[in-house]
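Work through the following exercises with the sequence and the model side by side. Each task is followed by a solution that goes step by step.

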Amino acid sequence: MSMRADLRHEADAVRRIVLEAALAAGTCHIGGSLSIVDILTVLYRRTLRAESGDRFLLSKGHAASALYAVLARAGVLDAADVIAGYCRDGGAYAGHPERHVAGVELTAGSLGHGVAVALGRALADRADGRDSRTFCLLGDGELDEGSVWEAVALAGHLAPPGLRLIVDANGFQGLGRVQEVLSLEPLPEKFRAFGWVTSHVDGHDHAALACALGAPARRPVAIVARTIKGYGVPALEGEFMSHYRSFRPHERDILFAGLDEVQEAA
Amino acid sequence: VRDAFFRALARLGAADERVWALTGDLGVGLFDPFEAAAPGRYLNVGIAEQTLVGVAAGLAYAGKVPFAYSIAPFVTSRAHDQVRVDVACAGANVKLVGVGSGVSYGTLGPTHHAIDDLALTRVLPGMTVLAPGDPAEAARAAEAAASHEGPVYLRLGKNGEPTLLPADAEFRIGRAIELRSGGDVTIACTGTALREATAAADLLADDGIDATLLHFGTVKPFDAAALIAAAARTGAIVTVEEHSVVAGFGSAAAEILAESGAGALLRRVGLPDTFAHAVGSRDYLVGRYGLSGPDVADAARGLLERDVACPTT
């Protein structure tokens, strides 16, 4: 299987876990999880080097199911356990991730926390002479939080080489389109003004993501990934309500209509 | 207290390379000894308390032992969500240090007074809350904080506090120190209110009233056993804190006494549910708001003179 097909297959496998978990729990926050599946798939399959101590912090905690799913595909969590235990009474996987869960590096859910914590980790790496990279993903709506810009400013100033920020720019936030609620565009220019190296990619183009995420740099890098909320589920793609809508078992076909019928590799 | 803390911090930095010192752009010259002792492990994040606490959490996740320093309300209240999520909920090994307990910052006004920091920290699960009462204890508390695995809030006074505790006093997290063992009434204090509590015990002694004086260098975990034993012995407790009487040290004592069945009378001395809007020095405000040594002694006398309400049949 080519790298391209392999990643596409893998991303669909991650999406399946996200959708199965959401369906089993009858819960929401599907759209914002689907918008980052391709980013996380490339990150975990192509970019993160475990031997170097690379790590990933999910700041937009409401996309927890995508993190659990990619961790399950990476063998850190068990997929069946994630599907059975996500947002369920007595389950192990809350709607927002906590650090005590295997593979979860950040307790998140209150927005705007990730950048400062990631900066702390990157500063520790630099002080200890490690070349590990710390990736932190946040949403474009999350950029409204002032704490993000406090930390962005300090990171640009201190410039630890291993810090990587990914903005999931899916264009939606709590009550509407980002452009209408509080537009912070142009995003790459804003990060550049704070001293960051920036790149700007299609957040569903695996080759572009692999290039942007893996690019060597000696300063913090901000990768603005343009994504589609609900990506992979035609009924949810680009839909504001993909943040809030939940599905019942009889609606299963709506959720899985967009996924390949590729069988899981044994 | 502050200078004693910074001397201890420099010693800790020299002894343990995991120890870092972070500040939110406060403490002119105070970090110089630490920087000399621990090169590369001092960081001023700028005037950005949320980042102060978040970066400290990131360092802690990487195995460091960061001390994050600011004026008490800024590190506990301004950055409370980071304290709550990144530090407490995540169980991070971060040591938050708030200088200026109570009305220590006097004339600077209510924005700089810490009247709610004990409440904001002690409510958080897993948080250890330390409030040393004199300079030597501040140093010992800093050492105990560094050795303790888990989130700590260390509440410091400012400067000029007298030495009040015995030179050989031991600091153990969760243990109160009994400085006097009288049988008439108990004065239980925390942090910098040790000064007023000590003065009150002296005043009472002059009147022939023997007070038990209990100093709590730890607010959480609370030394319930020491309080209940004193309650059983004296039957009357006055708590003293440089903090609002709401949700702080006196409230913690009240919770414990109420559930213990010890049946002691209780009077909480502290800021009476008000910001200290009056303008003045720390000592002026302590008198103005009823926290002075004579005020504490009066509270104790009031308990001793109170009629006992017995159930009627």
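**Exercise 1: Chain A as a whole**

Chain A contains eleven helices and seven strands, where helices (H or I, at least four residues) and strands (E, at least two) are DSSP runs numbered from the N terminus. This is a predicted model, in which local features need pLDDT of at least 70, side-chain atom pairs count only at pLDDT 80 or more, and totals for chains, interfaces and linings use all residues. Residues are numbered from 1 along each chain as its sequence is written, chains are lettered from A and ligands numbered from 1 in the order in which they are written, and side-chain values use heavy atoms, with hydrogens and water left out.

Task: Compare the radius of gyration of chain A with what the globule rule gives for 266 residues.

Solution. The radius of gyration is taken over C-alpha atoms, and the globule rule is 2.2 Å times the number of residues to the power 0.38. For 266 residues the rule gives 18 Å, and chain A has 17 Å, which is close, so chain A is as compact as a globular protein of that length. Along the principal axes, the C-alpha atoms of chain A fill a box of roughly 55 × 45 × 40 Å.

**Exercise 2: The parallel sheet of chain A**

Task: Determine the strand order of the open five-stranded sheet in chain A, and state which strands stand at its edges.

Solution. The order is 1-2-3-7-6, with parallel pairing; two strands count as paired if DSSP finds at least two bridges between them. Strand 1 (55-58) and strand 6 (197-202) of chain A each have a single partner strand, so one side of each has no neighbour in the sheet. From one strand to the next the twist averages 20 degrees, with axes being lines fitted to C-alpha atoms (for helices over the stretch in contact) and angles running from 0 to 180 degrees between N-to-C directions.

As a next step, take one pair: strand 1 and strand 2 (residues 134-139) of chain A are joined in the parallel sense over four bridges, and A:Leu58 stands opposite A:Leu137 in strand 2 of chain A. Finally, helix 6 (residues 114-128) of chain A lies across strand 1, strand 2 and strand 3 (163-169) of chain A, and runs at about 170 degrees to strand 2 of chain A; contact here means heavy atoms within 4.5 Å.

**Exercise 3: The largest pocket**

Task: Describe the volume and the lining of the largest pocket.

Solution. The largest pocket has a volume of about 280 Å³. Of its 18 lining residues, the closest to the centre are A:Arg8, A:Asp38, A:His204, A:His206 and A:Tyr231. On a 1 Å grid over the protein atoms alone, a pocket is an open set of points where a 1.4 Å probe fits, with protein on both sides within 12 Å along at least five of seven lines, and lining residues have an atom within 4 Å of a point. Grid points are joined across faces, edges and corners, and the volume is the space filled by probe spheres set on the points.

Helix 1 (3-25) and helix 10 (206-214) of chain A each supply at least two lining residues, and helix 1 of chain A gives the largest share, seven residues. By class, the lining divides into six nonpolar, four polar and eight charged residues, with Ala, Val, Leu, Ile, Met, Phe, Trp, Tyr, Cys and Pro counted as nonpolar, Asp, Glu, Lys and Arg as charged, and the others, Gly among them, as polar.

**Exercise 4: Backbone exceptions**

Task: Locate the cis peptide bond that ends at A:Pro186.

Solution. Most peptide bonds are trans. The bond from A:Glu185 to A:Pro186 is cis, with omega near 5 degrees, and A:Pro186 is in the loop between helix 8 (178-181) and helix 9 (187-193) of chain A.
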